Amino acid sequence: MSLKDLIQAVGFAKSKVDHGFSQVGRELRAGDPAHRALMTLSARAIALANALVVLVQHDHANEAIPILRSLV
């Protein structure tokens, strides 16, 4: 797999998470602890994925490894 393919795969995963929120967005209630955790963790996962893409695009793959591990 090339770097371009991997970056596209991360983008695809992010779009799937976004689509999932579009499906259930109106049903989530910030007052519910489980819903709040889901919203917070999903936003964090998207932000970390963005950081991974930027680091790898700028040849900082070693710096991206700890972030990648935190997503697993």
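Which residues does Ser42 touch, not counting residues up to four places away in sequence? I will come back to that after the overall picture.

What you see here is a predicted model. The protein has three helices and zero strands. Read from the N terminus, the order of elements is α-α-α.

Next, the dimensions. The C-alpha trace spans about 40 × 20 × 15 Å along its principal axes. The radius of gyration of the protein is 14 Å, whereas a compact globule of 72 residues would have one near 11 Å.

Now burial and surface. Of the 72 residues, 11% are buried. The accessible surface comes to about 5,500 Å², and carbon and sulfur atoms hold 62% of that.

On contacts, take those with a separation of 6 or more: 31% of them are between residues 24 or more positions apart.

On charge, there are 8 positive and 6 negative side chains in the protein. The centres of these two sets lie 5 Å apart.

Back to Ser42. This residue sits in helix α2, which covers residues 33-57. Is Ser42 buried or exposed? Its relative accessibility is 12%. The cut-off for buried is under 20%, so Ser42 counts as buried.

As for the opening question, Ser42 touches Val17 and Phe21, once residues up to four places away in sequence are left out.

Technical notes. Residues numbered from 1 in each chain as written. Predicted model: local features only at pLDDT ≥ 70, side-chain atom pairs only at ≥ 80, totals over all residues. Heavy atoms only, no water. Helix = DSSP H or I, 4+ residues; strand = E, 2+ residues; numbered from the N terminus. Rg over C-alpha atoms; globule rule 2.2 N^0.38 Å. Buried < 20%, exposed > 50% of the residue type's maximum accessible area, 1.4 Å probe, protein only. Contact = heavy atoms within 4.5 Å. Areas by Shrake-Rupley, 256 points an atom, 1.4 Å probe, with all protein chains shown as cover. Lys, Arg positive; Asp, Glu negative; His and termini not counted. Charge placed at Lys NZ, Arg CZ, Asp CG, Glu CD.
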